[in-house]
Amino acid sequence: MRAGNIKLSFGSQLCFLEIVQDISDSIGRMVGFDKDGRYWVSLSVRESVTNAILHGNRKDASKKVGVQFTISRNRLIIRVKDEGRGFDERKLPDPLAPGNILKPSGRGIFYVRSFMDDVRCRLLPEGGWEM
């Protein structure tokens, strides 16, 4: 597999989720992930992008979401950026707490952390948030 970068940038609109998920699945196939691996990576990318649109950019279509796939010989790095202010990870509710189990949302970052090997969040020096 050859190394390379694939970068996407789009306005904060949920209509782009399917395209991003399809691209993620195609990249997973290209790097040799099996069907299950592609599914979990694509789900994680979708959840990260959904969070960037809804929580980071607050559905402001004038704000951009960026997704970068960096492919190397033995690694796939995925970065999702928004133009929001970020969040305090310590204040995220526990999605497994009894009062949260039946809530229809609040599991995105939990899923991403469960299905990806390494997850890091940071405030970007130029502004915005990256996961």
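Modeller: What follows is a set of labels, each set against its cut-off.

Modeller: This is a predicted model, so local features need pLDDT of at least 70, side-chain atom pairs count only at pLDDT 80 or more, and totals for chains, interfaces and linings use all residues. Residues are numbered from 1 along each chain as its sequence is written, and side-chain values use heavy atoms, with hydrogens and water left out.

Biologist: What makes β2 and β3 a strand pair?

Modeller: Strands are DSSP runs of E of at least two residues, helices are runs of H or I of at least four, and both are numbered from the N terminus. Two strands pair if DSSP finds at least two bridges between them. Strand β2 (residues 64-72) and strand β3 (residues 75-82) are joined by 7 bridges and run antiparallel. Threonine 70, for one, has isoleucine 77 in β3 as its bridge partner. With 2 residues between them, β2 and β3 form a hairpin.

Biologist: How do you know that β3 and β5 pair?

Modeller: DSSP gives 2 bridges between β3 and strand β5 (residues 129-130), in the antiparallel sense. The definition asks for at least two. Lysine 81 stands opposite glutamate 130 in β5.

Biologist: Why is the contact between lysine 81 and glutamate 130 called a salt bridge?

Modeller: Side chains of opposite charge can pair when their charged atoms come close. The label needs a side-chain nitrogen of Lys or Arg within 4 Å of a carboxyl oxygen of Asp or Glu. For glutamate 130 and lysine 81, the closest N and O atoms are 3.7 Å apart, so the label holds. Glutamate 130 lies in strand β5 and lysine 81 in strand β3, so the pair ties together parts that are 49 residues apart in sequence.

Biologist: What makes arginine 79 and glutamate 130 a salt bridge?

Modeller: Their side chains meet at 3.8 Å, N to O. The limit is 4 Å, so this pair passes. The pair links distant parts of the chain, with arginine 79 in strand β3 and glutamate 130 in strand β5, 51 residues apart. Arg79, Lys81, Arg122 and Glu130 are linked in a network of salt bridges. The structure holds 8 salt bridges.

Biologist: Why is the pair of phenylalanine 87 and tryptophan 129 called tilted?

Modeller: A pair of aromatic rings is described by the distance of the centres and the angle of the planes. Rings of Phe, Tyr and Trp (its six-membered ring) pair if their centres lie within 6.5 Å; planes under 30 degrees apart count as stacked, over 60 as edge-to-face and the rest as tilted. The structure holds 6 aromatic pairs. For phenylalanine 87 and tryptophan 129, the centres are 5.0 Å apart and the planes are at 50°, so the pair is tilted. Phenylalanine 87 is in the loop between β3 and α3 and tryptophan 129 is in strand β5, 42 residues apart. At 11% relative accessibility, tryptophan 129 counts as buried, while phenylalanine 87, at 30%, counts as partly exposed.

Biologist: What makes tyrosine 111 and phenylalanine 115 stacked?

Modeller: Their centres are 6.0 Å apart and their planes are at 15°, so the pair is stacked. Both residues lie in helix α3, 4 residues apart, about one turn of the helix. Ring pairs link Tyr39, Trp40, Phe110, Tyr111 and Phe115 into a cluster.

How values were computed
Buried means under 20% relative accessible area, exposed over 50%, partly exposed in between (1.4 Å probe, protein chains only).
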